[in-house]
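Biologist: I would like to go through this model with you. Could we take the chains one by one and then turn to their contact?

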Amino acid sequence: MTMQMSRRTLMKGIGAGVAVSSLGSLGFAALEPAMAASVRAYKLAQTRETRNTCPYCSVACGVIMYSLGDKSKNARASVLHIEGDPDHPVNRGTLCPKGAGLLDFVHSETRTKYPMHRAPGSTEMKRVSWDFALDRIARLLKDDRDKNFIAKSGDVTVNRWVSTGFLGASATTNETAYLTYKVVRSMGAVTFDNQARV
Amino acid sequence: MTNHWADIKHADVIVVMGGNSAEAHPCGFKWVIEAKVKNNAKLVVIDPRFTRTASVADIYCPIRPGTDIAFLNAVTKYLLDHDKLQHEYVNAYTNCGFIVKEGFGFQDGLFTGYDEEKRDYDKATWEYEIGPDGYAVVDPTLQHPRCVMQLLKQHVAQYTPELVERICGSPKEKFLQICELIATTSVPDRTMSSLYALGWTHHSKGSQNIRAMTIVQMLLGNIGMLGGGMNALRGHSNIQGLTDLGLMSNLLPGYMTLPQEREVTLADYMSTKRFKPLRPGQTSYWQNYGKFFVSFQKAFYGKAATKENDWAYDYLPKLDVLAYDVLRAFEMAQDGKISGYVIQGFNPLMSFPNRAKMTEAFSKMKFIVVMDPLQTETARFWQDHGEYNAVDPKAIQTEVFELPTTCFAEDEGSLSNSSRWLQWHWAAQEAPAEARSDIDIMASLHLRIKALYEKEGGAFPDPILNVNWPYEIEDAPRPDELAREINGYTLADIKDASGAVIPAGKQVDGFAQLTDDGTTACGCWVYSGCFTEKGNQMARRDNTDPGDRGIAPNWAWAWPSNRRILYNRASCDPQGKPWAERKKLMEWNGSRWVGFDVPDYGPTVAPDKNVGPFIMNPEGVARLFVRGLMRDGPFPAHYEPFESPQANLTAPKIRGNPASRIFKRDLAQLGEPKDYPYAATSYRLTEHFHFWTKHARVNAILQPEFFVEISEQLAAEKGVSRGDWVRVWSPRGSIKAKAVVTKRIKPLMCDGKAVHVVGIPHHFGFTGSTKPGFGPNSLTPVVGDANIETPEFKAWLVNLERTTPPAVPVA
């Protein structure tokens with residue numbers, strides 16, 4: 001499914017060709033191998049390109065992310081450069097001051113990395129396992145639902161759960177949003193909103 | 001957006017009001033510059049601040065925050081008084097000739113039927129007169145005193161340029177200059193694009209701000225046109241998508257609604273959704289509601305949704321109020337009625353009004369779960385950060401989870417931008433440390449809860465146990481599996497419009513193939529067509545642009561049906577010819593509609609059938625008068641913000657929007673101008689996005705520190721110099737900030753009094769790489785738009801004084 005364009009590789013090939021032929025025409029043929037060896041490989045030439053869109057505002061500028069690592073099992077891919085996608089019909093390669101800083105968002109020091117838990121009344125957050133967190137949250141949700149679920153209003157079946165709220169994100173994918181909807185609504189939750197208003 | 005980003009290049013006039021796209025949507029704003037350079041377009045900016053958008057405007061006009069309707073109704077009056085209408089368009093494509101019921105009126109700032117106690121209207125008279133044939137009565141001569149055009153004239157009569165100056169503080173000459181320019185687009189070959197954002201929605205009458213400009217655009221014939229339209233520039237990358245998919249208290253995907261308690265059975269529910277045409281022969285596309293609804297229930301509940309059980313209608317919760325919106329939810333939480341909150345990629349502690357109320361509400365919850373790629377303030381609401389978050393953790397008994405999630409760079413899927421384009425993206429790196437995708441987390445929670453219900457039983461487990469879960473890996477559904485389900489597929493052999501059989505188990509081509517007999521499933525009908533048998537349409541990357549229209553129809557996929565400009569049938573005259581060659585978008589070729597876009601119309605419906613271009617409306621035409629469809633009036637009327645330096649000059653007794661809901665405690669916390677004399681407004685900065693980029697080092701370097709922006713005049717009055725610390729406070733809170741003394745804000749002369757505006761940016765908090773600061777929500781009131789409960793973040797009152805720097809926060 002992944003679509004990989006290789007603009008950089010192509011450009012590099014063209015550039016090298018021009019350089020070689022013009023040097024050759026000036027009679028410096030012997031210098032060519034030495035010259036080629038002295039030029040450090042263009043950093044992005046070794047990277048893998050991935051197409052994405054900026055997650056900030058609603059223009060949704062196309063971006064190209066350059067990452068090291070070929071996604072094989074033993075190589076951990078890491079993005080080292082992000083720039084505007086010149087093929088994109090709206091931003092045409094440009095990014096704004098927000099989008100130009102995307103790399104620092106991806107590698108922010110204050111990204112969350114591990115499930116954390118703060119016990120009632122505690123002054124600190126502690127690292128916990130995913131299993132602990134998910135089991136505990138499932139238990140809290142089920143207990144509250146069982147306790148506060150409203151099946152009937154008079155004779156009318158209403159099947160709603162009001163007492164736990166859910167907020168959907170503003171930059172998650174449509175596919176995430178749809179699955180979230182499925183999970184939340186199938187529990188009868190009605191205290192449910194997204195970030196469209198703020 | 002009814003149109004799309006690149007379409008702005010076709011505009012002849014661009015009005016930016018209620019937004020600041022040069023700073024908030026910079027790469028989209030390029031198309032405004034393109035229009036100026038290549039199309040000789042004129043840019044008008046109407047804003048309380050001289051923004052970067054204003055700096056490249058042909059005309060900039062200041063306006064007092066929260067007075068847009070007075071301005072826009074006066075524009076409407078100007079167009080009517082000077083006969084600057086696109087008459088043929090208005091007559092054929094709007095409800096200008098429809099006759100409204102006897103008894104409808106407007107007096108002292110209120111429409112007929114107001115109930116002060118309920119802050120609500122009985123809207124019975126806000127409807128058309130229905131004739132003996134069952135259709136709305138229309139007077140094509142527009143002379144009937146109760147026809148919409150006459151009522152509109154009457155409604156806007158009081159909005160004179162002089163009144164604009166007194167209410168808005170906008171100089172009369174500037175106002176008239178803008179009217180003249182706007183009026184130039186009433187000719188068929190010139191169009192105006194309206195660009196707006198949260199500067200219009202963040203008001204207690206936000207929906208009516210938009211309505212007011214919509215009326216202007218309809219009178220000018222600018223809807224459905226190249227370079228025209230009402231263009232909402234959404235604030236985030238996928239709130240368009242989350243709204244389309246129905247992630248709101250009262251919605252089902254695709255703008256269907258969750259049942260209300262009074263809709264006891266499916267038959268009751270459907271009885272309000274038949275959308276019988278109000279004029280002969282109209283499309284009234286919502287007549288297909290049943291197909292979208294049944295297909296949704298089949299996607300959701302699979303085999304458990306049967307004809308016999310009304311397609312599992314009882315699996316859906318029913319509402320007893322209009323919605324459990326967040327203002328209501330946190331009001332309940334303040335009373336201890338909300339046990340917990342699960343929060344995905346959202347920072348409500350900083351984003352919802354009255355932060356003190358938010359802190360109190362979270363402190364009363366048993367638990368909160370925050371799923372986010374960044375360390376948010378919300379996940380740390382219980383932590384003591386000195387002046388920036390003064391709480392006692394030991395006194396807060398809330399259990400808190402912070403779950404690390406992937407960000408865009410690590411996940412795959414589609415986002416829906418302002419242009420309604422669904423663009424697919426791919427992952428470029430692995431998730432950091434133990435972060436997981438929101439899909440995996442939500443799926444895992446579902447499976448664990450389901451297992452608990454299987455084991456223990458409990459409250460009505462049926463919908464949880466029976467929800468359709470056809471994913472190859474149960475706890476990690478793939479984005480393409482979900483996208484296919486959103487698009488929809490056949491469950492049995494069905495026949496398409498041509499009679500050809502589509503076998504069971506195939507992706508449908510679009511929503512036209514959906515059925516109401518359980519033979520199709522579709523997660524969100526407006527997205528149907530995004531992932532067909534031809535593959536993932538959202539992943540298309542052909543940027544070819546036939547006719548240089550900026551449409552690039554094979555780049556990604558736009559909802560609905562890959563249509564790029566909504567209502568595009570209206571780009572042609574009633575006979576099917578483009579209104580002007582230079583605005584050519586679609587045309588009737590004698591047998592079908594052809595052109596640069598997908599027709600927003602029956603593709604073979606001939607012009608002589610007199611089917612209106614606004615096919616979703618039972619009228620077939622656009623509504624200058626919206627009947628009872630909005631809670632606060634069929635026409636927009638000027639109301640002051642709930643906290644305003646000026647009484648409502650058109651109706652002095654009315655505070656705020658009379659139909660807005662406001663809770664008692666929040667009402668008691670409103671301030672008066674004698675104590676809080678300055679008009680405050682909030683906004684975004686070029687260098688930051690919401691509360692995210694303060695976590696990105698380069699952005700934190702570019703804009704490292706919170707500030708408030710005041711005029712040189714207010715600074716002089718208060719003895720404040722540039723860079724001094726000031727305290728700004730409202731009845732709900734107090735903040736400290738450095739003062740930016742600026743020429744970008746000037747006092748406005750409103751009804752003979754100088755009104756000072758205080759600008760307060762978003763973006764700062766107590767986590768991330770910027771210096772600690774506050775958000776505007778420490779000060780803002782809890783009251784929302786009457787229709788949709790968007791909080792009034794753009795117009796409230798504060799006081800201000802010079803002060804000392806804040807204490808160093810606790811590490």
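**Chains, domains and contact**

Modeller: Chain A is divided into domain 1 (1-44), domain 2 (47-109) and domain 3 (116-197), with bounds from an automatic or database domain assignment. This is a predicted model, in which local features need pLDDT of at least 70 and side-chain atom pairs count only at pLDDT 80 or more, while totals for chains, interfaces and linings use all residues. Residues are numbered from 1 along each chain as its sequence is written, and chains are lettered from A and ligands numbered from 1 in the order in which they are written.

Biologist: What separates the centres of domain 2 and domain 3 of chain A?

Modeller: Taken over C-alpha atoms, these centres are 32 Å apart.

Biologist: And how many residues does each chain bring to the contact?

Modeller: Chain A gives 105 residues and chain B gives 138 residues; two residues are in contact if their C-beta atoms, placed from the backbone, lie within 7 Å. On the side of chain A, helix H4 (residues 130-148) provides the largest share, 12 residues. Helices (H or I, at least four residues) and strands (E, at least two) are DSSP runs, numbered from the N terminus.

Biologist: Which strands pair between the chains?

Modeller: Strand S4 (residues 116-118) of chain A pairs with strand S14 (residues 399-404) of chain B, antiparallel and over three bridges; pairing requires that DSSP finds at least two bridges between two strands. Arg118(A) is opposite Val400(B) in S14(B).

Biologist: Turning to chain B, what is its secondary structure?

Modeller: Chain B has 22 helices and 33 strands. Its radius of gyration, taken over C-alpha atoms, is 27 Å, close to the 28 Å that the globule rule (2.2 Å times the number of residues to the power 0.38) gives for 811 residues, so chain B is as compact as a globular protein of that length. The C-alpha trace spans about 80 × 70 × 55 Å along its principal axes.

Biologist: What percentage of chain B is buried?

Modeller: Buried residues account for 61% of the 811, a residue being buried if 20 or more other C-beta atoms, placed from the backbone, lie within 10 Å of its own.

Biologist: Which domains does chain B have?

Modeller: Chain B has domain 1 (5-102 + 156-237), domain 2 (247-320 + 478-537) and domain 3 (664-802). The C-alpha centres of domain 1 and domain 3 of chain B lie 26 Å apart, and 23 residues of domain 1 are in contact with 28 residues of domain 3.

Methods:
Buried ≥ 20, exposed ≤ 12 C-beta atoms within 10 Å, placed from the backbone.
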